[in-house]
Amino acid sequence: MRRRYVRIIIGMVAGLVLLLVPQIVAKEADATTSATPEIEYQEGVYTKEVDNMLIASIRYKGTYEEMGTYFEKLMPVVGKIITGYTFALYHDDGTGEVHDIEVCAAVSDSVTTEEISTRMLSGGSMLALNHFGSYDNLAESWEELYTYIAENKFKTTMPVREVYQ
């Protein structure tokens with residue numbers, strides 16, 4: 001029996017959230033591309049190939065509500081070199097009050113400051129789910145995605161991505 005490993009990704013567009021779950025089946029993807037995933041407007045869970053991407057990011061431990069503050073620090077530095085969407089990486093399971101969060105932007109060139117670092121983020125074969133509507137109902141979409149993962153016996157890995165379009 002072959003194991004299937006999955007990393008969770010989620011994408012958000014003013015009212016649209018794309019939940020992408022990378023499936024790591026056998027091999028690592030080539031780390032030479034720099035592109036953000038395009039959001040496909042489909043219903044239900046579907047599979048999508050996502051390229052590796054060069055990202056600039058700030059990682060912090062805190063609350064989800066603090067993300068805006070960190071995006072405000074990131075955007076002026078990377079604004080002219082952004083190649084795609086902004087997104088967050090969640091490096092923990094989402095329980096508790098303090099979370100390990102990384103705010104990110106896909107970029108065309110490296111940037112390094114005291115708070116901002118640049119690295120290649122792996123892509124791969126992803127499970128995806130679009131969330132349409134308010135953040136207030138986002139948990140229902142996450143539940144649908146996690147139910148799909150459980151029913152199909154996927155094993156998930158971190159980090160989880162939440163892409164904003």
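Which residue's side chain does Glu-102 meet in a salt bridge? The partner is Arg-119, and the N to O distance is 2.9 Å. Keep in mind that you're looking at a predicted model.

**Salt bridges: the background**
- Side chains with opposite charges can pair up when their charged atoms come close.
- The count of salt bridges here comes to 3.

**Glu-102 and Arg-119**
- Back to the opening pair, whose side chains meet at 2.9 Å, N to O.
- Glu-102 sits in strand β6 and Arg-119 in strand β7, so this pair ties together parts that are 17 residues apart in sequence.
- Is Glu-102 buried or exposed? Its relative accessible area is 3%, so Glu-102 counts as buried, the cut-off being under 20%.
- Arg-119 is partly exposed, with a relative accessible area of 30%.

**Asp-100 and Arg-59**
- Strand β6 (residues 99-107) also holds Asp-100, whose side chain meets that of Arg-59 in a salt bridge of 2.5 Å, N to O.
- Arg-59 belongs to strand β4 (residues 53-62), so the link ties together parts that lie 41 residues apart in sequence.
- On the Asp-100 side, the relative accessible area is 11%, and that makes the residue buried.
- Arg-59, on the other hand, is partly exposed, at 47% relative accessibility.

**Glu-115 and Lys-73**
- In this salt bridge, the side chains of Glu-115 and Lys-73 meet at 3.3 Å, N to O.
- Lys-73 is in helix α1 (residues 67-78), while Glu-115 is in the loop between β6 and β7 (117-121), so the pair ties together parts 42 residues apart in sequence.
- Glu-115 is partly exposed, with a relative accessible area of 40%.
- Lys-73 counts as partly exposed too, at 37% relative accessibility.

**Val-45 and its contacts**
- Leaving aside residues up to four places away in sequence, Val-45 touches Leu-127, Ala-128, Leu-129, Leu-145 and Tyr-148.
- Take Leu-145, one of those contacts: along the chain, Leu-145 and Val-45 are 100 residues apart, yet their C-alpha atoms are separated by 6.8 Å.

Key:
Residues numbered from 1 in each chain as written. Predicted model: local features only at pLDDT ≥ 70, side-chain atom pairs only at ≥ 80, totals over all residues. Heavy atoms only, no water. Contact = heavy atoms within 4.5 Å. Salt bridge = Lys/Arg side-chain N within 4 Å of Asp/Glu carboxyl O. Helix = DSSP H or I, 4+ residues; strand = E, 2+ residues; numbered from the N terminus. Buried < 20%, exposed > 50% of the residue type's maximum accessible area, 1.4 Å probe, protein only.
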